[in-house]
Amino acid sequence: MRIIVAITGASGVVLGSRLVEFLKSKENKGKYELHLITSKSAKKIAEYEEVNLDESRSFADYCYEEDELDSSISSSSYRIDSMVIIPCSMKTMAAIANGFCDNLITRAAENILKLGKKLVVVPRDTPLSLAAIENMRKLKSCGVLIVPPNMAYYYKPKTVGDVTNFFVGKVLDVLRIEHNLYNKWKGGD
Ligand SMILES: Cc1cc2nc3c(=O)[nH]c(=O)nc-3n(C[C@H](O)[C@H](O)[C@H](O)COP(=O)(O)O)c2cc1C
């Protein structure tokens, strides 16, 4: 399975790095061909949030900068199965929702939408502007899977790592990828 993971400059860059780590973990060896795109802002946020994006890049099969619009994945003829933008800034979400594709992340997402493939967006901001809500509505109407990193308490998280795993697990759920990152609700009986 060929997956593009894009990390943009919203808070929660660790979510992208954890997803990359999971997809390229020993238990998933050889299952996923991972194409990783990082935006310029993502690198800045990674410094603030002390996330090692170089390590994520070392796990990926192919790495791109946001301005590499001449790369293979910029073309819709390059076969990609799904794409996840995690975390997704309101800026990147606005660009995709409105067809403004001036970097490799928004261009690759546009290709995914054109071809009716799976696009998962993990929008991170709070509170939300009306524009962000409208852009989410537009994306949803194009079939985009919107998985905001919203907290839940029922699984009794104890550490930030537990919370990160929960959010990443929710993304894996919509991709239909098996995982043990959080304990799924099994009913209240
Ligand atoms: C410390 C910090 C945290 C930020 N967090 C968010 C955020 O959670 N959500 C968001 O939409 N933008 C956030 N931003 C603003 C984005 O980084 C900015 O809009 C940027 O242009 C996004 O670019 P990109 O989508 O190309 O990565 C943050 C900026 C800084 C400096």
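Helix 2 (40-48) gives four residues to the shell around the ligand, the largest share. Helices here are DSSP runs (H or I) of at least four residues, strands are E runs of at least two, and both are numbered from the N terminus. The model is predicted: local features need pLDDT of at least 70, side-chain atom pairs count only at pLDDT 80 or more, and totals for chains, interfaces and linings use all residues. Residues are numbered from 1 along each chain as its sequence is written.

The ligand has 15 residues around it, of which Thr8, Gly9, Ala10, Ser39 and Ser41 come nearest. A residue is near if its C-beta atom, placed from the backbone, lies within 6 Å of the molecule. Helix 2 and helix 4 (90-97) are the elements that give two or more residues. By class, the shell has five nonpolar, seven polar and three charged residues. Ala, Val, Leu, Ile, Met, Phe, Trp, Tyr, Cys and Pro count as nonpolar; Asp, Glu, Lys and Arg count as charged; the others, Gly among them, count as polar.

Two cis peptide bonds follow. One runs from Ile86 to Pro87, with omega near -10 degrees. Pro87 is in strand 4 (residues 82-88). Another joins Thr126 to Pro127, with omega near -5 degrees. Pro127 sits in the loop between strand 5 (118-123) and helix 6 (130-141).

Glu50, not a glycine, has a positive phi of about 55 degrees. Glu50 lies in the loop between helix 2 and helix 3 (53-59). Glu50 counts as exposed because 8 C-beta neighbours lie inside 10 Å; the cut-offs are 12 or fewer other C-beta atoms within 10 Å for exposed, 20 or more for buried, and partly exposed in between, with C-beta atoms placed from the backbone.
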